[in-house]
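Please keep the sequence and the model in view while reading.

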Amino acid sequence: MPNPFFRQPPPVHPLLRRSDWRLLLACSLGLSLLLLVLAWGITWQRLDAERILLEDNARTQQENLATIMSHNLDQVLDRGRLMAIASEEWFDGHRVDATNRLAAMRTADRAFLRIALYDHQLQRVYASSPDTDSSGLQDTLHAALAQFSAGSPSRIALAHRSSRHEQAWHIPLLFPVASNNAIPQGILLVALDLGYLLGVYQSLDFGRSGVIQILTVGGEEIAEARQEGLVLNTQPRSYRQFSRAGRQTHSLVGDFFNDGRSYLSSFRQADSFPFILVVSRDTQDILAAHTATRSRFLTTLTLLTAIIAAAILWIAQSIRRQGQLFADLTAAHQENHTLIERLEEEKHRAFILAAHDHLTGLPNRRMFNELMLSHLAQAKRSRKHYALMYLDLDYFKTINDTLGHHVGDLLLQNVSARLRLTLRESDIIARLGGDEFAVLLTGLDSVDDTAGVAAKIVEQISLPFNTMDGHDIAVSPSIGIALFPRDGVDIDTLCRNADAAMYQSKRTGRGKYTFYDSVLNPPGARRFNLEQRLPKAIAENELVLHYQPKIRLSDYRIVGFEALVRWQHPEFGLIYPNDFVSLAERSDLIIELDDWVAQACCQQLASWIAAGLTPVPIAFNVSARHLKDQGLPERIEAYLKAHGVAPQYLEMEITESLLVESIEVAGQVLEKLEKLGLRIALDDFGSGFSSLGYVRTLPIHSIKIDRAFINDIRNSPHDAVIVSSIISLAHNLNMRVIAEGVETFEQLIHLKTAGCDEAQGYFFSRPVPHDASRELLERAILAPATPS
Ligand code: C2E
Ligand code: MG
Ligand code: MG
């Protein structure tokens, strides 16, 4: 069972949940890293694509240039060959014409600076300018003549270049001059002007590192031009990589100039001549713009990365600090919680100690009262029955005094254990102090169950308790029972009545249970005792009358009392009529008894009148035997006269069952009494077999509905209908209707609604002794308190 006094620990503050923070941090870190990787990836890819595009563009551009230049060279060299063809005339004998033509052609073509014609003995026969030939020329002329004569497919040869500075721009080319057959008759030397050839490309933006080269098919460099001008290499270099050029344009990348830099070189051989055109450019130069963009991007990205990394670092730092703070807070929270828990436990322990009996562990009186309070509140709403039992151990004091407190304590513990075993979980057991226990039976289906439980308790507790510190002890309990709501609706009343009933048990023999409402008590062995003593009791005035008021429901005024006889027995205490009236009825004693009551009623009325009170009628009950007594009316008349009481203040209640037995005689007696002025009521109506039609012949003024019907009015719709019909039928016969045994507010409401005239019952008042009845008479009105 959960501890009702223990509070749940306060929930952890959401800020204290570090896992959330960690998750958040991990997510943001992951996201930042992802963004960075993406940024780097995209930038890298873009830069790469741009570089490839730039390289492709440069390659295409260079290859185009190499192609155009090779075509251009082809065209220029073709013009040189034309000059060689024109020279053939010279060998054909038209020397003047040939000379003129050559001079005209040279003048018209700025690509050539100088031309000279040599015969097959390599004697210069014509020169466009008077310059002397270079020293090594004869050798190259010989070599060329031999090459051309051998039928070489090459129709051009390179002559020895002059080392003179002013001729550095000249490329001396040799063309064979043949007239009729293929055997060359002479050689034409044509000095190609590199300045002219390359000047065409000067306007091209070819970058700072652009290089244009003319190579032989063997890769020997003939000329090299850069942005700053023609480069004169004292030792002509060889570029074998480009020697396999062919008539297709190719590109290669490499450190071709041995200057530690990488060049993109595009090259192609001229279509008709054995020369290769190479266009090269430093790859760094090509990618200069790209490199600048790239470094700008990379710098920005690096900066961004650094900033993000710094931010992440900062966040991580502050979260670590926060985490520390949270850890401290959580520890403080935990500490607080532990403290609160300890306090709650202390409180709970203190509560248990204060609310329970330390010896038996049962709730003590205080706790029992609290539990009763809550159960009675529940009981008011439920249709179940509740019973309070007070239990006291007979002769406990003697056991305590003779065997010692230790044995007494052991006995109390064992009694409480047996009580626990005997009763249900839902029943409440408490030790009120000393040897006094209290039990609240809860949620009983019927009042009759109470007697069974009480008998079981008596039986169980009466069994011997063995080995109580070496002693075998036999005790018996005395139990008093008060029923809710019958004997009280509040704790005080129920406790008082249960206590009274318990003392009744003790007085009348111990080891037994007694209901506060004696009607419920079992017939005992004392029956005999009572029967023996009854005549003496009537004679010695041991009988007393209790008066129960009858309330008019229209204004809650007391309109009468019913006198109910009790026997104040010197040994058994107050004994109720059910225990002795039937004994009296066995003999003529009942006549004595009823007479005593009738007289006592007259006496009571006289005392009220003497006290100056306005009396209300008192009803007395008579038994069947009495109704057969023809002398009754006279005796009643005598009593009235003796006490000076008007007969209308006396009412007689006869029970339905009695009427059935001797209707004729009873009728005569009743008529006499009516004549006398007495009012007559039919008691316990509904319990017998008579119908209202049957009793209409008798002088009956009012009927009292039996309390069995009233009791069930709330639970049984059937009874509710019967009550309503009795009321309306009785009204039709001009009889007043009185409801007996009204115990609850709900019953009262129902009766009022059904038109009942008067009510009598514990709800308004129990039967009370004569002095209390006088107080009631003075009060005159008993308005019901609205139930809580
Ligand atoms: P009764 O004449 O029907 O009397 C009413 C009985 O119902 C009384 O019981 C009364 O205490 C009880 N009572 C009243 N209100 C309530 C209530 O709200 N709930 C419950 N459970 N009971 C209620 P009591 O005094 O024990 O009398 C029992 C019967 O004994 C009477 O029934 C009557 O028949 C008879 N009796 C009483 N006094 C005399 C008497 O002087 N002479 C004769 N012959 N019989 C008497
Ligand atoms: Mg009665
Ligand atoms: Mg009655």
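The structure is a predicted model. Around ligand 1 there are 27 residues, and the protein buries 92% of the 790 Å² that the ligand exposes when taken alone. Elsewhere, helix α9 packs with helix α10, and the axes of helices α7 and α11 cross.

- The side chain of Glu-562 has an N or O atom 2.9 Å from an oxygen atom of ligand 1.
- At 3.0 Å, a nitrogen atom of ligand 1 faces an N or O atom in the side chain of Asp-594.
- For Glu-740, an N or O atom of the side chain is 3.0 Å from an oxygen atom of ligand 1.

**The shell around ligand 1**

- The residues that come nearest to ligand 1 are Gln-548, Arg-566, Asp-683, Arg-707 and Tyr-762.
- By residue class, the shell consists of 11 charged, 10 nonpolar and six polar residues.
- At least two shell residues come from each of β20 (557-569), α13 (577-585), α14 (589-610) and β24 (679-685).
- With four residues, β20 gives the most to this shell.

**Packing of helices**

- Helix α9 (residues 405-422) and helix α10 (residues 448-462) have axes 10 Å apart and pack at an angle of about 140 degrees. An angle over 145 degrees would count as roughly antiparallel, so α9 is classed as oblique to α10.
- The crossing in which α9 passes α10 is right-handed.
- Helix α7 (residues 365-381) and α11 cross at roughly 115 degrees, and their axes come within 11 Å. Because 65 to 115 degrees is the range for roughly perpendicular, α7 is placed in that class relative to α11.
- The crossing of α7 past α11 is right-handed.

**Backbone features in loops**

- A cis peptide bond runs from Phe-484 to Pro-485, with omega near 5 degrees.
- Pro-485 lies in the loop between β17 (477-484) and α11 (491-507).
- Tyr-556 is not a glycine, yet its phi is positive, at about 60 degrees.
- The loop that holds Tyr-556 is between β19 (543-552) and β20, and β20 is also the element that gives the most residues to the shell around ligand 1.

Note on methods
Residues numbered from 1 in each chain as written. Chains lettered and ligands numbered in written order. Predicted model: local features only at pLDDT ≥ 70, side-chain atom pairs only at ≥ 80, totals over all residues. Heavy atoms only, no water. Near = heavy atom within 4 Å. Polar contact = N/O pair within 3.5 Å; in protein donor to acceptor, adjacent residues only side chain to side chain. Areas by Shrake-Rupley, 256 points an atom, 1.4 Å probe, with all protein chains shown as cover. Nonpolar A, V, L, I, M, F, W, Y, C, P; charged D, E, K, R; others polar. Axes fitted to C-alpha atoms, helices over the stretch in contact; angles between N-to-C directions. Parallel < 35°, antiparallel > 145°, perpendicular 65-115°, else oblique. Left-handed = near helix turned anticlockwise from the far one by under 90°.
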